[in-house]
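Please view the sequence and structure first.

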Amino acid sequence: MVSDTLPPLPAGFAAPEGFAAHDVFTSPIKRSVEPVGPGFLAHARRTLRGRTWSEDEKIEAERNVKKIEDDSGDDIIEDEPEDPEMLRHDPKQWKEQDHYAVLGLSKYRYKATDEQIRVAHRRKVLKHHPDKKAAQGIADQDGFFKCIQKAFEVLTDPVKRRQFDSVDKKADVKLPKKGETGDFIKMWGPVFEAEARFSNKQPVPLLGTMESTKDEVDNFYSFWFNFDSWRTFEYLDEDVPDDTSNRDNKRYIEKKNRAARQKHKKEDNARLNKLVDDALKSDPRIKMFKEAEKKEKERRKWEREAGARAEAEAAKKAKEEAERKKKEEEEAAKAAKENQKKSKEAAKNAKKKNKRAIRGSIKDVNYFSSEPSPEDINNISLDVDYIIEKLDDMQLDNVASKVTGVTDADKVKAAFTDIVSELSSAGKITSGSLKYFSQ
């Protein structure tokens with residue numbers, strides 16, 4: 001029971017000037033009061049169960065550890081060995097610690113889900129909780145537990161986690177070396193997949209495959225050359241003093257931090273542009289597209305020029321055909337001329353031959369007498385020459401055929417007599433124009 005009697009006023013007490021009572025105390029009431037709270041419960045537990053302070057603390061630590069084990073959810077993340085150096089890390093240097101490694105999430109990093117972070121935190125608490133260390137009799141091991149709590153604090157705060165992810169170089173993927181050969185997609189795909197975590201625009205187009213279309217590849221590089229990054233560098237800021245005793249120094253540090261962030265941002269943009277440019281230069285698909293485009297241009301050019309070539313070819317063929325016909329006509333004309341000339345020559349020669357044959361025929365029959373007189377020879381010769389001049393080619397050939405090789409004088413003479421009669425009938429020979437055959 002607690003006494004409700006108020007202590008008496010000091011001797012010589014006087015109310016201050018202007019003091020006025022607003023009310024009076026009510027009559028006292030007796031009530032039952034019971035002690036409560038963790039301290040009283042721990043006292044009661046030790047008293048009822050007969051434990052000493054150390055025994056009770058050890059048993060309760062084991063109970064707390066078991067409770068954490070029951071709620072750990074270890075099945076959703078893989079166990080990760082702990083680096084001894086990390087266990088000795090100074091919690092005051094929390095900006096230098098790898099928060100993902102502290103919680104055993106090095107494999108997951110920025111891909112770790114909230115649930116994985118929660119489970120990883122429970123697992124680490126289970127292993128490094130001061131109660132368990134105390135139960136195991138291990139002292140002065142609270143430093144790493146503070147690192148665990150700080151990592152959990154950073155990674156469960158979206159703003160702080162984004163700031164840490166911005167400078168988490170262990171999440172970066174190593175770039176292919178200059179001139180390195182191999183599967184382009186396998187070498188560069190993981191690089192762009194890692195860089196995509198900084199994009200404000202989602203979803204982010206990734207590298208694709210060797211079968212990607214030209215439009216897909218062009219859209220990919222267009223997106224990355226105009227990459228909108230949320231990456232910030234506040235995590236690297238120099239700590240600003242909490243006190244306001246020196247406002248100029250505080251402003252100076254804040255200004256210095258802003259300048260450092262801008263510098264880091266500029267350097268990161270340049271780094272990303274160079275990365276994309278290097279990938280573009282070594283992308284075999286670009287070469288394939290250029291070759292295909294070149295062939296397509298050549299094809300379209302060939303098609304444009306096809307009509308002109310066909311027209312030129314047709315004109316060429318027409319010209320060649322005209323020249324051929326002209327040449328054939330010229331050759332035909334030349335051949336006809338030559339044939340005509342040959343025919344004339346042949347006719348002329350035949351005419352000469354026939355004339356010789358006719359003239360020779362009278363000699364072969366000795367001028368129609370065994371002993372012709374000079375006068376008969378002369379007259380007959382003149383008449384034969386005269387007759388020959390009056391004969392056309394057909395008549396000349398006819399007469400020659402009758403007298404050539406004939407040795408009978410009467411037959412030769414009859415042939416001349418017949419032709420003279422024919423010529424006379426035609427009016428080519430007049431009476432008195434012949435001396436021998438007119439007799």
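Arg 109 and Asp 168 are both buried, where buried means under 20% relative accessible area, exposed over 50%, and partly exposed in between (1.4 Å probe, protein chains only). The model is predicted: local features need pLDDT of at least 70, side-chain atom pairs count only at pLDDT 80 or more, and totals for chains, interfaces and linings use all residues. Residues are numbered from 1 along each chain as its sequence is written, and side-chain values use heavy atoms, with hydrogens and water left out.

- Arg 109 counts as buried because its relative accessibility is 6%.
- Arg 109 is found in the loop between α4 (99-102) and α5 (114-128); helices here are DSSP runs (H or I, at least four residues), as are strands (E, at least two), numbered from the N terminus.
- The phi angle of Arg 109 is positive, about 50°, although Arg 109 is not a glycine.
- A salt bridge, meaning a side-chain nitrogen of Lys or Arg within 4 Å of a carboxyl oxygen of Asp or Glu, joins Arg 109 to Asp 168, with the closest N and O atoms 2.9 Å apart.
- This pair links distant parts of the chain, 59 residues apart, since Asp 168 is in the loop between α8 (158-166) and α9.
- Asp 98, Arg 109, Asp 168 and Lys 170 are linked in a network of salt bridges.

**Salt bridges within helices**

- The salt bridge count comes to 33.
- Asp 248 forms a salt bridge with Arg 251, the closest N and O atoms lying 3.3 Å apart.
- Asp 248 and Arg 251 are separated by about one helical turn because they are three residues apart in helix α11 (residues 247-282).
- With 57% relative accessibility, Asp 248 counts as exposed.
- Glu 296 forms a salt bridge with Arg 300, and their closest N and O atoms are 3.5 Å apart.
- Both Arg 300 and Glu 296 lie in helix α12, four residues apart, about one turn of the helix.
- Arg 300 is partly exposed, with a relative accessible area of 37%, and Glu 296 is partly exposed at 29%.

**Charges without a salt bridge**

- Asp 383, in helix α13 (residues 374-390), is buried yet has no salt bridge.
- The nearest side chain of opposite charge to Asp 383 is Lys 435, 7.1 Å away; Lys and Arg count as positive and Asp and Glu as negative, while His and the chain ends are not counted.
- Leaving aside neighbours within four places in sequence, Asp 383 is in contact (heavy atoms within 4.5 Å) with Leu 434, Lys 435, Tyr 436 and Phe 437.
- Lys 348, Lys 352, Lys 353 and Arg 356 form a positive surface patch; patches are made of residues with over 30% relative accessible area and no salt bridge, like charges being joined within 9 Å and nonpolar side chains (Val, Leu, Ile, Met, Phe, Trp, Tyr) within 5 Å.
- Arg 356 is in helix α12 (residues 284-364) and counts as exposed, at 54% relative accessibility.

**Other local features**

- Gln 202 and Pro 203 are joined by a cis peptide bond, with omega about -5°.
- Pro 203 is in the loop between α9 (184-195) and α10 (214-225).
- Gln 395 lies in helix α14 (residues 393-403) and counts as buried, at 14% relative accessibility.
- Leaving aside neighbours within four places in sequence, Gln 395 is in contact with Lys 390, Ile 419, Glu 422, Leu 423 and Lys 428.

Definitions and conventions: Accessible areas come from the Shrake-Rupley method with a 1.4 Å probe; for residues, only the protein chains shown count as cover. The place of a charge is taken as NZ of Lys, CZ of Arg, CG of Asp or CD of Glu.
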